[in-house]
Amino acid sequence: MTAQLFAGAAEPATDRTVVGENLSLPLFRTLSGVLAGHPYLKVVVDRAENTWHLLDTAAHPFHVNYIATRVLGMSLAELDADLDAFNASVYMDPARRFLLGVLSLHTDEDAEGRERTFLVLETTEADTMNGELLAFFYAFVRERVDGRLPVLLKPANHGQEEELAAISELRVPRILSHELFGSRVRTPLNPGEATGRLRYFRTGAQYAAAEAGLGWADIVAMPCLPDDVPRVAGFVNTAPITPLSHTNVLASGWGIPNAIVRDLEELVEKDGLDGAWVRYRVGEEEISLELLDGEPELRAPAWHQQRIRLEPPLLEDAPVLSLHRLRAADSDRYGTKAANLGELHHVLDSRTADLTAFYGRPRPPREDLYGHLAARLGLTDPTAAELRSRAAGFVASTVGAPEGVALPFSLQQHFLASSPALQQGIGKLKMALELDAADVLDSLCLQLQQLIRHTPVPDSVTRQISQAFPTPPGECGRLVVRSSSNAEDLPGFSAAGVYDSVTTVHGTGELLDAVRQVWASLVSPRSVRLRHQVGISLDDTYMGVIIQEYVPASLGGVLVTCDPTRRADFRNVYLNCSPGSPEQVVDGSVLPQQYLYNVVEGGGRTVALGSWGDGLPAATRARLADLSLTGRLLQSHFSGSDVDRPLDIEWLMTERGDFRLVQIRPYAL
């Protein structure tokens, strides 16, 4: 085979793209770039010419641009004018001329513990190659790669996995995404940079002994950080964790770096990092801990001067209402969580909301993504009204809203005003906050919480709660009691995991205990400290309560309508799940299964299997794809004018196989 070298005025002077040459490891290294910490090389197979192109990564970052301009002689303007149709011709047409892929270089250990270097071939996530085309692609590449280098095919999505299932692994050796990246040494969770003192704790006991001394300049490293970790400069996890854990949501809301660094023990021993001053960087492609010569001059972070002002709530008497009677505007009396669930009822019942706005935003060079949404919904060239109607119907047929009631802020205020002891405890706490008396703050909070939990609920308050249920609480079966404060889901203050929920409540007595526990969580030491740090006054803070009927679930989880580790990715929704309650996903008690679903072109892929050895059945994954699209459509409504602002949604799949959304909130970015 002969090699052709390309050069052009619009490209770097040293474009080393190769056509038709066999691939050796030295040539791979010459042409490759780095993606997610691994060297990679873009390849294009031209079936019409029976040859392939090995793209110089520095000169050609996009397959499609290269094919259009260098092979087909198109201009970029011509490509942009019909980009979606061109993409369909190279990613979805079963009779396509070009096969596009990436070869990435990896190392692991063989059965004898020897290091093994191998190449992984994969297509893009939206590619719909069938099994025979995948087999052809693999064989074509395998024949042209140095025979000493093993080559494995990695299916890029669930559809390709299913196609390959019918093909022998002897014919097409393969590796799945979660197998390849499940043992990844370093994984970004929240991008950012911090300079601080690394505090490495190998056990929870070590952390507990040092917790009181942690400050804003510390970078806390341990296997799994606790949900009540104080606000510090950065997080490092030395064991796997999901990006949707409470601690990573906090990291995102606080704007601090967070990553999984499984080799931290080695770095600590090698460079003496524990207790040392370091510069910690987390990016999409690289994670680093740089040892500094000594203590740098640091300024207190911006949040030390941050002052969040809350809109004053409406505290006049408000009734206990069924969730379906609330709307978003009722957040000033019932809290954002309750109001959002009421708004969800409205969206599902009325079907008048425009749920297509996200797809109407320009994504250059595209004017909009309406065509992609129409295809996902099974429509051909619909009118705007038809598209809105189909989107609303799709959402209503996919998910349901929980039944339950919401207790207003005023009910909490009646309870607090009913007890002189409570008023005295609140007064002491306010005084300590005004004086910054940190040494007594925790004890005052704990005493006040104890008082709240054991102060009798006035009969008038008990009657309002009981009368709101069509069936007496004692006959309702199991209930779930959740917080709905006005001091959460705020720009710069998410409060994820800060307030209490009680998920196993039976009978009137347990219900009143659970309500008081949620009220008491408003003055927990951690919640008070976090609010005080950002200038939220105790006087401005109120707690509503949501009481929901418990719904038995076969699967539960959390999804966010973005890719938390790649913020510029507008295509994907990140979904975590585990059998049973979604609380398991966020509280760290199990490592959930993790999936990415493309809600533009379609398709999904497994990121990690977590604590389970097997993935979900194909039919269940297809249902989760529908749920992910539903989340994206709801984002158009709940994010207001900023349709790119993602949502954080807790969901359940019932034993009948339908979905219930139990919480909708902004996702902290």
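**View A. Buried residues of helix α20 in the predicted model.** Gly507, Leu511, Leu512, Ala514, Val515, Arg516, Val518, Trp519, Ala520 and Ser521 are the buried residues of α20, shown here in a model that is predicted. The helix comprises 15 residues, 507-521. From its first C-alpha to its last, α20 reaches 21 Å, close to the 21 Å expected at 1.5 Å a residue.

**View B. The open five-stranded sheet and its packing against α20.** Five strands are arranged in the order β16-β18-β21-β19-β20, with antiparallel pairing. The edges are formed by β16 (321-322) and β20 (502-505), each of which pairs on one side only. Helix α20 packs on this sheet and touches β18 (404-407), β19, β20 and β21. The direction of α20 makes about 145° with that of β21.

**View C. Pairing of β19 with β21.** Seven bridges connect β19 (residues 479-485) and β21 (residues 543-549) in the antiparallel sense. Val481 has Ile547 of β21 as its bridge partner.

**View D. The largest nonpolar core and the surroundings of Val481.** This core contains 65 residues. Those with the most contacts inside the core are Leu429, Ile452, Ile465, Val481, Phe493, Leu511 and Ile547. Helix α20 supplies the largest share, seven residues. Leaving aside residues up to four places away in sequence, Val481 touches Ser501, Val502, Val505, Leu511, Ala514, Val515, Val518, Val545, Ile546 and Ile547.

**View E. The open seven-stranded sheet.** The strand order is β9-β13-β12-β11-β10-β14-β15, and the pairing is mixed. At the edges lie β9 (186-190) and β15 (287-291), each pairing on one side only. From one strand to the next, the twist averages 30°. Within this sheet, β10 (residues 192-200) and β14 (residues 277-282) run antiparallel and are joined by six bridges. The bridge partner of Gly196 in β14 is Val278.

**View F. Helices α9 and α10 across the strands.** Helix α9 (residues 246-254) lies across β9, β12 (234-237) and β13 (258-261). The angle between α9 and β9 is about 60°. Helix α10 (residues 264-271) lies across β9, β10, β11 (218-222), β12, β13 and β15. Relative to β10, α10 runs at about 75°.

Methods: Residues are numbered from 1 along each chain as its sequence is written. This is a predicted model: local features need pLDDT of at least 70, side-chain atom pairs count only at pLDDT 80 or more; totals for chains, interfaces and linings use all residues. Side-chain values use heavy atoms; hydrogens and water are left out. Helices (H or I, at least four residues) and strands (E, at least two) are DSSP runs, numbered from the N terminus. The expected span of a helix is 1.5 Å times one less than its number of residues. Buried means under 20% relative accessible area, exposed over 50%, partly exposed in between (1.4 Å probe, protein chains only). Two strands pair if DSSP finds at least two bridges between them. Contact means heavy atoms within 4.5 Å. Axes are lines fitted to C-alpha atoms, for helices over the stretch in contact, and angles run from 0 to 180 degrees between N-to-C directions. A nonpolar core is a set of buried Ala, Val, Leu, Ile, Met, Phe, Trp, Tyr and Cys residues joined through side-chain atoms within 4.5 Å.
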